[in-house]
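Trainee: I am new to this structure. Please show me how to read it, one feature at a time.

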Amino acid sequence: MSVATPDRPGLTVSGRPMSTALQDVWALSRQMVGHFVENVAPCGTLPGEAIHGDVTTITRICLELAVSMLDGKDIPEKTQRLSEAAAGWAREGVPIDTIHHAIHEGFKIGFDLVVSHAADRHRAAGSSAHDTMLSLSLADYENLLGGAKLVVEMLDTMTSAVSMAYVRELRAVVSEHHTAVHTLTSALLGGHPTSTMARECGIEVAEQYRVLALAVASHPEEANPMLDTKVVARRKLRRVQAELATHCGESALSLLSVDGGTLLIPADRFAEEDLDELIARLSRAARVPITATVLTAAAEAIPTAADQAHELLDMVSRLQSEPGLYRFDDLALEYQLTRPGPGREYLGSLLDPLDAHPELLETLQTHIAHNLNRQRTARLLHVHTNTVDYRLKRIGQLTGFDPTQASGLWYLRSALVARTYRG
């Protein structure tokens, strides 16, 4: 919290202002900056113009701020200048820990100067070291105690001003970049020219992209009536976005919501075989299963590829397939079966005999969705494996296609795909 109080009595030591040792702010600021470069590791990595320009200027402002507070003066103008400088550093990418390191290191130097100056005055008057400490203790105890409290107040003022301005500006910068990236991604998905927007974002448009359609499951806490479900969902989305940024960097473009969206990842920077691990990482970050489909397409073909990827994702969802990554090559036959026509209508009608037996239709869907694993099907349906076998036999009797035979299974799987698109 910034301090802005009416003028109050200045602090003194041995009858002189405690700020005396800090009055030559120009010379002292250059001395401090030299110390920062030599002893505060992050400062040594800053460009020379930053060291001799902004850093020196702000060090002087901090010294002026300290002198004003020690002298009991009002300080809002100087804290405003500090805030403006911190905002500029945020935009230029100067790490905030570098700023705070320098502020605290400056306080050490300044405090040593104040104490040393007071001691030097007593020694100049002929006092021994013991007498100096005793004299300081008797005459200036209250002011030194007040000075120590004021040091904490100064630190609070400066670190608060820097942190608030830095974070506020950083949010604005991030928001600007996010908006620009969002616009670029929308343009690519819409098939619009992107060269100008790409320059504004500082992102080079790749020749080819992995185009992914994502479905993100709801987090269990989103159904908790005691919690704010919107907050739970947004936190899930932020975790996914953070993991995506960590794993793919700024080259990955996305339009995501709490339940899914579209990713565009440059093909030359991310091999297709690595996408399975990416989806697994995103799922772990979201703490819920994620289902995705992917196609690779040239930049100009992204709109068509995105439509196909989302059609595939819709089909995978309708089939109640397990979460994970699905490629077009894996689903080419199923995709073709979803195209309108008499073939789809015929295949969809093959399961009509099961309409009166919903438990049989559920068993068939679950069995196919989980790679014909009888034990897993039984566990998911909470029945015995013998019950699964019986139901599969009944399906064969009612439809005329045996699910335990390759030819019968092909027709039944195709019928499931087509049936979800009937009507």
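Trainee: Is Trp410 buried, partly exposed or exposed?

Mentor: Start with the cut-offs: buried means under 20% relative accessible area, exposed over 50%, and partly exposed in between (1.4 Å probe, protein chains only). Trp410 has a relative accessible area of 39%, so Trp410 is partly exposed. Some ground rules come with that. This is a predicted model, where local features need pLDDT of at least 70 and side-chain atom pairs count only at pLDDT 80 or more, while totals for chains, interfaces and linings use all residues. Residues are numbered from 1 along each chain as its sequence is written, and side-chain values use heavy atoms, with hydrogens and water left out.

Trainee: How many aromatic pairs does the structure hold?

Mentor: The general idea first. A pair of aromatic rings is described by the distance of the centres and the angle of the planes. Rings of Phe, Tyr and Trp (its six-membered ring) pair if their centres lie within 6.5 Å; planes under 30 degrees apart count as stacked, over 60 as edge-to-face and the rest as tilted. Here there are two aromatic pairs. Phe401 and Tyr411 have ring centres 4.9 Å apart and planes at 20°, so they are stacked. This pair links distant parts of the chain: Phe401 sits in the loop between H15 and H16, Tyr411 in helix H16, ten residues apart. Trp410 and Tyr411 pair edge-to-face, with 5.3 Å centre to centre and 80° between the planes. Phe401, Trp410 and Tyr411 form one aromatic cluster.

Trainee: Which is Phe401, buried or exposed?

Mentor: Phe401 is buried, because its relative accessible area is 18%. Tyr411 has 33%, so Tyr411 is partly exposed.

Trainee: Which residues make the nonpolar surface patch?

Mentor: Like charges are joined within 9 Å, nonpolar side chains (Val, Leu, Ile, Met, Phe, Trp, Tyr) within 5 Å. Areas come from the Shrake-Rupley method with a 1.4 Å probe; for residues, only the protein chains shown count as cover. Leu333, Tyr346, Trp410 and Tyr411 make a patch of about 410 Å². Leu333 lies in helix H11. Its relative accessibility is 42%, so Leu333 counts as partly exposed.

Trainee: How many residues of H13 are buried?

Mentor: Helices (H or I, at least four residues) and strands (E, at least two) are DSSP runs, numbered from the N terminus. In H13, nine of twelve residues are buried. Among them are Leu360, Leu361 and Leu364. Their cover includes helices H14, H15 and H16. Just after H13, Asn371 takes a positive phi of about 55°.

Trainee: What does Ser283 touch?

Mentor: Contact means heavy atoms within 4.5 Å. Leaving out residues up to four places away in sequence, Ser283 touches Val288, Pro289 and Ile290. Ser283 lies in helix H9. Its relative accessible area is 16%, so Ser283 is buried.

Trainee: What about the whole chain?

Mentor: The chain has 16 helices and seven strands. Of its 423 residues, 44% count as buried.

Note on methods. Patch = residues over 30% accessible without salt bridge, like charges linked within 9 Å, V, L, I, M, F, W, Y side chains within 5 Å. Salt bridge = Lys/Arg side-chain N within 4 Å of Asp/Glu carboxyl O.
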